[in-house]
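My entries follow the order in which I looked things up.

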Amino acid sequence: MQRNLLITGGAGFIGSHVVRRFVNKYPQYRIINLDALTYAGNLENLRDIENAPNYTFVKADICDAEAVAKVIKEHGIDGIIHLAAESHVDRSITDPLSFVRTNVFGTVTLLNAAKEAWKSAMEGKRFYHVSTDEVYGSLHDDSLFLETTPYDPQSPYSASKAASDHFVRAYGNTYKLPFVVSNCSNNYGSHHFPEKLIPLMINNLRNSKPLPVYGKGENVRDWLWVEDHASAIDTIFHNGKNGETYNIGGHNEWKNIDLVHLLCSIMDKKLGRAAGESAKLITYVTDRAGHDLRYAIDAGKIERELGWKPSITFEVGLERTVDWYLANTEWLEHLTTGAYQQYYKEHYAQR
Ligand code: NAD
Ligand code: TYD
């Protein structure tokens, strides 16, 4: 079957894995990647598929109603996978309004455009909203987040994602927009911007810089390999039921400090350092304001109903991830020097 899919945020971490998967796996689909190329968007993430005949990149902001409507019309879009977002909790603490702008206003702008474009024939259309487990809040016992867990967001980031989830469901209820939502746990893998825990630690380990652990390092996150998230998105997009929510997770909880120690021991081996040398870089720093204690997903529904589960263990995924960063130091250098932002400025200024 032929489809024209709009993927938003496809130049970011998870979006680039989703775009790559769809471009390679579905040559009969036309994949349109719409991304504003903020600091987190990097077209180098998609070098390997940028010339594929079924792939088009459009630089646009999801808050720009005219631009979004034009793309949907011009390309006859019949499915949307929406990943574009401001995604870093620490940034949301210093600048909450940019999260409201992109995550709430931007999502509603996209919903409006889809509703308008599809109003005469909703059949066969699909708006897939990619969200986070952080909307459920912070766990203080040994329970797990279910799809029915009440929303209780605690950071400006998770509050903005929760608001966007509510708008998607409201458009489904009010305008009968066909939608699915998924809420996923923390992702790790290649092409992850080095301001998030795992790539930041790998980069600092590589450069023998301090490893900043917030508070006592006792916060717990449930880690999933990014390519497994992309495969879950593929499964839900094609087989999920309209109006449903699916939690996605790796059944893989780690205390931050244990995870940092594991990374240190992997890096000792990879870099030929004496055992225990990297761990000396661990530095406890002031805790994040309102730091959520624990996230953990019950991913039973997607396994039971759609047959999806993670394909690799954390140990395998983490080693692959470390290998990727060590083999792609140029990618890291470009991001950390801001060279790629300069390239965009020059490149797009000429158009
Ligand atoms: P990211 O920050 O790496 O990428 C976000 C992308 O969106 C970037 O390419 C950026 O340029 C683009 N973007 C930002 N604002 C935009 C705008 N106004 N218009 C158009 N494009 C814009 O984020 P990520 O980690 O890849 O996350 C992608 C999605 O998955 C987000 O919706 C996030 O909430 C969700 N999510 C992330 C995780 C995780 O662990 N990273 C876990 C669960 C869910
Ligand atoms: P992060 O990667 O920012 O993801 P999120 O906050 O969305 O879960 O952080 C993961 C965990 O690691 C979180 O508990 C905060 C902690 N953390 C540190 O201890 N040090 C750091 O430098 C960063 C970026 C995060």
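**Basis.** I worked from a predicted model, in which local features need pLDDT of at least 70 and side-chain atom pairs count only at pLDDT 80 or more, while totals for chains, interfaces and linings use all residues. Residues are numbered from 1 along each chain as its sequence is written, chains are lettered from A and ligands numbered from 1 in the order in which they are written, and side-chain values use heavy atoms, with hydrogens and water left out.

**Terms.** Two packed helices are described by the angle between their axes and the distance between the axes. I took helices as DSSP runs (H or I, at least four residues; strands are E, at least two), numbered from the N terminus. Axes are lines fitted to C-alpha atoms, for helices over the stretch in contact, and angles run from 0 to 180 degrees between N-to-C directions.

**Entry 1: α4 and α5.** I looked up helix α4 (residues 96–118) against helix α5 (residues 156–175) and found an angle of about 15°, with the axes 9 Å apart. The two are therefore roughly parallel (angles under 35 degrees; over 145 is roughly antiparallel, 65 to 115 roughly perpendicular and the rest oblique). The crossing of α4 past α5 is right-handed (the near helix is turned clockwise from the far one by less than a right angle; anticlockwise is left-handed). Contact (heavy atoms within 4.5 Å) involves, among others, F99, V100 and L111 of α4 and Y157, F167 and Y171 of α5. I noted 13 nonpolar, five polar and two charged residues in this contact (Ala, Val, Leu, Ile, Met, Phe, Trp, Tyr, Cys and Pro count as nonpolar, Asp, Glu, Lys and Arg as charged, and the others, Gly among them, as polar).

**Entry 2: α8 and α10.** I found that helix α8 (residues 256–270) packs on helix α10 (residues 314–327) at about 55°, with axes 11 Å apart. Therefore α8 is oblique to α10. Their crossing is right-handed. Residues of the contact include L259, L263 and K270 of α8 and F314, E319 and D323 of α10. I recorded nine nonpolar, no polar and three charged residues here.

**Entry 3: α6 and α8.** I next found that the axes of helix α6 (residues 197–206) and α8 come within 10 Å and cross at roughly 40°. The pair is therefore oblique. This crossing, too, is right-handed. On α6 the contact residues include L197, M201 and R206, and on α8 they include N256, L259 and L263. The contact divides into 10 nonpolar, one polar and one charged residue.

**Entry 4: cavities.** How many cavities of 30 Å³ or more are there? I counted two, a cavity being a set of points on a 1 Å grid over the protein atoms alone where a 1.4 Å probe fits but cannot get out, with lining residues having an atom within 4 Å of a point. Grid points are joined across faces, edges and corners, and a volume is the space filled by probe spheres set on the points. The largest cavity has about 50 Å³, and its lining includes V89, R288 and D292.

Terms used. 1 Å grid on protein atoms, 1.4 Å probe; cavity = no way out; pocket = protein on both sides within 12 Å on 5 of 7 lines; lining within 4 Å.
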